[in-house]
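The following note sets out numbered points on the assembly shown below. Please read them alongside the coordinates.

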Amino acid sequence: MESSVKSKALTPGKVLTNIILVLLAVFFIFPLYWIVTGSFKDRIAVNASPPVWFPTEPTLDNYIRLFDNPALRWLGNTVFMAVAAMALTCITAAMAGYVLAKKRFPGRKLIFSIMICAMALPKQVILIPLLKEMSFLGLHDTLWAVIFPTVGWPFGIFLMKQFSETIPGEMIEAARIDGAGEVRTFTDVVLPMVTPGIGALAIFTFINSWNDYFLQLIMLNSSNNLTISLGIAKIQAEMSNDFGLIMAGAALAAIPIIAVFLMFQKYFTQGIAMGAVKG
Amino acid sequence: MASKTKAAAAGGETLTYNQGTFRNSALVRQQTLAAYLFLLPALIFFVLFVVVPMVMCLVTSFLDYRMGKPLTFVGFAQYIKMFQDPIFIKALQNTFILVIVAVPAVTAFSLWVGSVVYKMSSFKRSFYRCVFYLPVVTGTVAVAVVWKWMFNKYTGLINYVLNAVGVINENISWLGDARFALGCITLILFTTSIGQPIVLYIAALGNVDPSLIDAAEVDGASNLQVFWHIKWPQIMPTTLYILVITTINTFQCYALIQLLTSGGPNHATDTIMYYIYYQAFKLNDYGYGNAMGVVLAIIIAVLSAIQFKFAGSSD
């Protein structure tokens, strides 16, 4: 790939392209900048016109008021929810993806087709019956009501099937000849080979679950069970003009997940590309 | 090590072929059982929390299912009611406007960014990929609240900047004005939608066989010709995938509406998804909400099928 990149002289077109790209980058980063700086502005600076581009007298007042709400509890709930959804998804999807890719058994095609069809449907449409079901199961207003539907969504299985396809059949066969049972074959041969896939799926599920505001909104209501996204939405609904406080909440919701994303972005982008239809 | 594995594999194959029918069927049964045991955990979650609600959605769309009323079968009544409901029609229109504007814009823009960025050094490539993915990771709520502030009539940055450069001369209530609200939402939706398509395009363009491009360049093909005749056909599956996922996501636009305008002013920004949940959770009419959900699912399925067909015939 690198070989096809020729170092050509700077043309006006190229310069213009780069300028546009940089301006766009600024435009995309700016909301985050505005959240973070806004969260350190006092009431006067927040409402000032012309706007205060950078808080010269930063204040922690917004964060202090934010923690008058159970914001840490919300953050804890969110972390628990995202980690549980991630772990359950990875375990179930790795197992299912492996057999769908590598084993021939009756019903395989049918099961996979149903999963693909389900994935093409809008998942938010099922939230009303899902809410009824969760109430029936006694899970409504618990974090499990958000975790289980995330685990059930078949994207992970699809992704792990893609990764499992790359395992050479001979290796699985060899393990069997060596006397390894099904479980040993899976843990000792399959899992090490699909680790990049599991990494991609883990980070993907973590971020999506963290940010799945709609599902959380439908399933959770009591103040102690909220996620950080719901908490910020609640603060915003109650104090819509206290922008400093709202930005502090937004920063608390966004910064941890952005940090996770930046740490694992290699896996993440790889996973997105792998999940796409190929060929 | 490798050769040993290979030898073992070869041995394994002959062994399988030499087995009698009886032992083979026993093996098949055992394999099937093992496969289903591995599938079971995933299947339980999938069936309970995806398939069951999907079926329930379809079934209750034919029922009068309202809080505090007995369930009754009403056939297609709710489907007919829907198309006589002016707010549903308005929501349908708004959703189509969002899709018609956002989907081509997202696809074209991400293709442009992708083709500029994929040739850059790996550091720059990562940088731009992260930057354009940032609004997705930041999360709908954080993105919505900061834009709500920037669009604010009195303390918003956008009014200030537009006033300062002379585009407007009085403050506009962007999200509270029926003329602008949907446009503002489209813009925000755009920023939160292009991250994934850009990642996909960068990956796809990086996979285009460089020898084909070199050969075409040697033959004197212009950049545009190289793009149309070599890159475009090869990234077609990616384009198709992007069209489908962007369409599906745009049709489901709900959170931004709920957080920014609540469908207002005067239903100017209602989308189908927002109206479904308005009916279900504000008016407690679940049957009607589910019927609209089924229609939404059908619309999306038909559009996806058309996109697949269209892309398939252009090969």
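1. Contact between the chains (heavy atoms within 4.5 Å) draws on 103 residues from chain A and 95 residues from chain B. The model is predicted: local features need pLDDT of at least 70 and side-chain atom pairs count only at pLDDT 80 or more, whereas totals for chains, interfaces and linings use all residues. Residues are numbered from 1 along each chain as its sequence is written, chains are lettered from A in the order in which they are written, and side-chain values use heavy atoms, with hydrogens and water left out.

2. About 8,800 Å² is buried between chain A and chain B, and carbon and sulfur atoms give 78% of that area. Buried area is the accessible area (1.4 Å probe) that two parts lose on being put together, summed over both.

3. On the side of chain A that touches chain B, the greatest contribution is from helix H1 (residues 12-39) of chain A, with 16 residues; helices are DSSP runs of H or I, at least four residues, numbered from the N terminus.

4. Chain B contains 15 helices and two strands (strands being E runs of at least two residues). Its radius of gyration, taken over C-alpha atoms, is 26 Å, well over the 20 Å that the globule rule (2.2 Å times the number of residues to the power 0.38) gives for 315 residues, so chain B is more spread out than a compact globule.

5. The C-alpha trace of chain B spans about 85 × 70 × 35 Å along its principal axes.
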